[in-house]
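Me: I have a structure open and want to learn how to read it. Can you take me through it feature by feature?

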Amino acid sequence: MLPPSLLKLIEELAKLPSVGQKSARRLAFYLVSQPNDQPLALARALEEAAHNLGQCECCFGLSQGPVCELCQDPRRNQEQMCVVEEGRNVFSIEASHVFQGLYHVLGGSISPLSGIYPEDLKIAELERRVLELGIKEIIIATNPDLEGEATAHYLTDLFKQSPVKVSRIARGMPSGGDLEFTDAATLARAFEGRQPFDP
Amino acid sequence: MVIPNLGLSDFRNYKRLEIEFGPRLHFLVGPNGMGKTNLLEALYLCTHLKSYRSAKLNPLIKQGEHRSLIDFHFEDRQVRHLARIELLKQNKRVFLDQKPLRLSSDYIQRFFSILFAPDQLAHFKEFPGQRRAFFDRALSILEPNYFAHLKEFERIKANKTQLLRQGRLAELGPWNKLMAHCIPNLVLPRARLVDELNQKLGGYFSRFSKKGVPLFLIYRPDLNPRDPDEALTLLTQKAPAELAQGFCTLGPHKDNYQVTMGQKMDRVELSQGEYRTAFLSLLFGLNEIFGTRCQIRPLLLLDDLFSELDKEVVKALFGHLEELDNQIFITGTDIPQAFQGAGKRYFVLDGTVEAAPLTI
């Protein structure tokens, strides 16, 4: 019989995504076998993150404070807005250094089958921000799956009558990718979206 | 595909069976209710990973047992594989070359059985959905990406249906756009296959029936747009009506296939024997297309083939079956005169199968 504290730790770890019961047990045994300061440092980091991190009041991305650093940065292009599904998507785009504008996080994608409708996402807030900030271009960077595409179509229709330019990030072959290991659907999209080559 | 051996454990009325097959023609002979069709069903499972007689797994497992095993080798493109299908009451597991198969769809997009069975013929004749499913399954192998497009369409339809049920007309736009883009990916391959089949049907039908009447398969797409834009216009126009009904009333899921013979149309006007001959012509035409398009030789599983066919048709069938390279399994209570001396014969009696002497 496992000690109750260890059992509780395993059960909590098993709630994490991609962690099953076996992995949770392994992680728990590892943590309790370490010197006290290491699991406590992890516990403190978790506590701190839970206390300090929240949703940015402007873009609804992840923020340490009411408004995130990206929204506060006056050097960013105030006329372009990139729309993403999740807060973590912001950091992926930021890591590429290709976009210098503002972000808007929808909080998911439209999926009637999963009971997610436009009113469940931050779409009304997007309309309001675009109007208030005088945004000139919206770049839709929702995922290239069915729900992401439906959301992109919905947003395009929404801004059809406004002077705002709406664009969608391109789809196709990943940079440095290998044709041999690319799935058929990605290759098909890459061929559909081919462009004149002018080096 | 050729299956040189098959092992069954606790499958239907078979406690344990080990059987070897040749590369061509086989007869499974015996009185009714002895297990001939069960054996054919096991062979069908080897390519489709599901039964054509039962959607549930439980009836496939021998009474009183908790699982069935189907073990077999198969040869595909000169490579020999070992496969196991384990049927449990609630789920099944498939092992290919001793490794668990992660995606059934990868398997069923490679292998195919052409089945002729009384129940399946009745369903094909009666229900448009069965006919769509039949051709969709074949197209999943014949046309690259067809299976992915079909799954995509079904997902779009399910999302759209959810919106229609909730009366959300204003939100249909994105899903209609996605659907409009998807429709030609299904309609065009379906039309291509029917065109190709129609070039072959006449030859087979006149060979089997000796009638000088043309046989055609007609494909009636519910929507046949020139391009996705036209499909979108039609879907948008129909949206209020769909909303009133509460489900998707327009699209490839409503397509129909019909058989015509001269002036006679489909199940209403064709006799049982005529429909059987027409269906056999269709199956053999499809078999030929599998060979020419993708060098695949499906298993031919012909259950109770000879009933309701006259002697002349049976004789013509024999001539054709002798010419084929496929591995063929035919069940029957006896073997017609025309087939005497041909193929390997097995006598099926109450869950046992014995290789029979050449003359029964």
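This is a predicted model: local features need pLDDT of at least 70, side-chain atom pairs count only at pLDDT 80 or more; totals for chains, interfaces and linings use all residues.

Me: How far does helix 2 of chain A reach from its first C-alpha to its last?

Reply: Helices (H or I, at least four residues) and strands (E, at least two) are DSSP runs, numbered from the N terminus. The expected span of a helix is 1.5 Å times one less than its number of residues. Helix 2 of chain A, residues 21–33, has 13 residues and reaches 18 Å, close to the 18 Å expected.

Me: Which residues of helix 2 of chain A are buried?

Reply: Buried means under 20% relative accessible area, exposed over 50%, and partly exposed in between (1.4 Å probe, protein chains only). Here the buried ones are A:A24, A:A28 and A:L31. They cover an arc of only 65° around the axis, which puts them on the same side of helix 2 of chain A. The arc is that of the directions from the helix axis to the C-beta atoms. On the other side, A:K22, A:R26 and A:S33 are exposed.

Me: What do the buried residues of helix 2 of chain A pack against?

Reply: Contact means heavy atoms within 4.5 Å. The partners are helix 1 (4–14) and helix 3 (37–52) of chain A.

Me: What does the UniProt annotation on chain A cover?

Reply: UniProt positions are given in the numbering used here, feature names are shortened, and annotations may be inferred rather than shown by experiment. The unreviewed UniProt entry carries "domain: Toprim" over residues 79–174 of chain A. That stretch is 35% helix and 18% strand, with its end C-alpha atoms 28 Å apart.

Me: How many residues of chain B are in contact with chain A?

Reply: Count 16 residues of chain B against 18 residues of chain A. Buried area is the accessible area (1.4 Å probe) that two parts lose on being put together, summed over both. The two chains bury about 1500 Å² between them, 60% of it on carbon and sulfur atoms. In chain B, B:P174, B:W175 and B:K177 lose the most area to chain A, together 29% of what that side buries.

Me: How many salt bridges does the rule find across that interface?

Reply: A salt bridge is a side-chain nitrogen of Lys or Arg within 4 Å of a carboxyl oxygen of Asp or Glu. The interface has 3. One salt bridge joins A:D157 to B:K177, with the closest N and O atoms 2.6 Å apart.

Me: Which parts does the salt bridge of B:E323 and B:R207 tie together?

Reply: Their side chains meet at 2.7 Å, N to O. B:E323 lies in helix 10 (residues 311–323) of chain B and B:R207 in helix 6 (residues 172–209) of chain B, so the pair ties together parts 116 residues apart in sequence. B:E323 counts as exposed at 51%, while B:R207 is partly exposed at 28%.

Me: Is B:R131 buried or exposed?

Reply: B:R131 counts as buried, at 4% relative accessibility. B:R131 is found in helix 4 (residues 128–142) of chain B.

Me: And is A:Q195 buried or exposed?

Reply: A:Q195 counts as exposed, at 67% relative accessibility. Look for A:Q195 in the segment after helix 8 (184–192) of chain A.

Methods
Residues are numbered from 1 along each chain as its sequence is written. Chains are lettered from A and ligands numbered from 1 in the order in which they are written. Side-chain values use heavy atoms; hydrogens and water are left out.
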